[in-house]
Amino acid sequence: MTELGVVGAAGRMGMRIVALAAASDEFSVVEAVDRDDCPHTGRDAGELAGVGSLGVTVSDMITGHPDVVIDFSLPEGTMAFLPACREKGIAMVIGTTGLTESQLAEIADTAGEIPIVRASNFSMGINLLIKLAGEVAVALGDDYDIEITETHHRFKKDAPSGTAVALARSICGATGREYADAATFGRSGAQPREAGEIGMHAVRLGDTIGEHSVYFGNLGETVTLAHAAHTRDTFVRGALRAAKWVTGRKPGLYDMRDVLGI
Ligand code: NAD
């Protein structure tokens, strides 16, 4: 039985992680943490997640020693709990998006001492799409314009989504572009398309869980790679799979493609 800690336990993702882990015979939820001014501090994490009492109270610090911590919070949350996991030698699965370059560098540095799986999207389908996007871009060649759209619920704080960035980075890596030069965020006014750019467009709409499309177009056709997540549990199942995979592994920074072996 893998002992699990959940950071962001009172959030949309955190509650489903608690619920699915509690329903699994492979995990035991032993810690549930959230920010210090979270209105749910002191409540039972299982009751909060709608699965009945687990005897684990939502608190604001990791007090014990779970085998692995899954973090879906905000960048402040990830960075607040990273040192504790490093100090205690606890493996991590990080799903939080919107991390800055310097925060990513700190995570990479910490991965020198503990195993960490970080992914901007834990769905199997999206990880396959990230791989395919680069391959399709290479196969189609320079004459195809590339645009990426992503749609998420109205509460999403960061834009473009981490997944849209991962898709763009995969294309950049495969085609020799620099992400910082190629990515163009929306268009307004006189802004004609430049050769080689990757247009990134964020739509915020109602309760959409997560949709991504990568368009490749030339003067005769459009090729579209598309993915839609219908439930957050898709990401939760992937994160739990990653948690199982990373537990006991040697230190290093891994992503979901390592977990899936694709
Ligand atoms: P949410 O706002 O519902 O939940 C976030 C939780 O984190 C809240 O309970 C909040 O109180 C808590 N939190 C905020 N600051 C904290 C801190 N300093 N310490 C501890 N806890 C803190 O958001 P959500 O929809 O559950 O998404 C959470 C994160 O996961 C976002 O970054 C989102 O983009 C990301 N996400 C990633 C994937 C993926 O597959 N990688 C999928 C869905 C969501």
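Mentor: What follows takes the labels one at a time. Keep in mind that this is a predicted model.

Trainee: Is C85 buried or exposed, and why?

Mentor: Buried means under 20% relative accessible area. C85 has 0% relative accessibility, so C85 counts as buried. C172 has 3%, so C172 is also called buried.

Trainee: Now the helices. Why are α3 and α4 called roughly parallel?

Mentor: Take the angle. The axes of α3 (residues 75-88) and α4 (residues 101-110) cross at roughly 20 degrees, coming within 11 Å. Angles under 35 degrees count as roughly parallel. Therefore α3 and α4 are roughly parallel to each other. The crossing is left-handed.

Trainee: Which residues make the contact between α3 and α4?

Mentor: From α3, P75, T78, M79, L82 and R86. They meet Q103, E106, I107, D109 and T110 in α4. By class, the residues of this contact are four nonpolar, three polar and three charged.

Trainee: What makes α1 and α8 oblique?

Mentor: Again, the angle. The axes of α1 (residues 12-23) and α8 (residues 233-246) cross at roughly 60 degrees and come within 9 Å. Roughly parallel would need an angle under 35 degrees, and roughly perpendicular covers 65 to 115. The α1 and α8 pair is therefore oblique. The crossing of α1 and α8 is right-handed.

Trainee: Which residues meet there, and what classes do they fall into?

Mentor: M13, R16, I17, L20 and A21 in α1 meet D233, F235, V236, R237 and L240 in α8. The contact of α1 with α8 has seven nonpolar, no polar and three charged residues.

Trainee: Stay with L240 in helix α8. Why does L240 carry the label it has for accessibility?

Mentor: The relative accessible area of L240 is 8%. The cut-off for buried is under 20%, so L240 is buried.

Trainee: What does L240 touch beyond four places in sequence?

Mentor: L4, I17, L20, A21, F27 and I70.

Trainee: Next, H153. Where is H153 found?

Mentor: In the loop between β7 (145-152) and α6 (162-175).

Trainee: Why is H153 called buried when it sits in a loop?

Mentor: The label rests on accessibility. H153 has 10% relative accessibility, and under 20% is buried, so H153 counts as buried. Beyond four places in sequence, H153 touches R12, R204, L205, G206, D207, T208, I209 and R232.

Trainee: How far apart are V203 and H153?

Mentor: 50 residues in sequence, and 8.5 Å in space from C-alpha to C-alpha. Leaving out residues up to four places away in sequence, V203 touches E150, T151 and H152.

Conventions: Residues numbered from 1 in each chain as written. Predicted model: local features only at pLDDT ≥ 70, side-chain atom pairs only at ≥ 80, totals over all residues. Heavy atoms only, no water. Buried < 20%, exposed > 50% of the residue type's maximum accessible area, 1.4 Å probe, protein only. Axes fitted to C-alpha atoms, helices over the stretch in contact; angles between N-to-C directions. Helix = DSSP H or I, 4+ residues; strand = E, 2+ residues; numbered from the N terminus. Parallel < 35°, antiparallel > 145°, perpendicular 65-115°, else oblique. Left-handed = near helix turned anticlockwise from the far one by under 90°. Contact = heavy atoms within 4.5 Å. Nonpolar A, V, L, I, M, F, W, Y, C, P; charged D, E, K, R; others polar.
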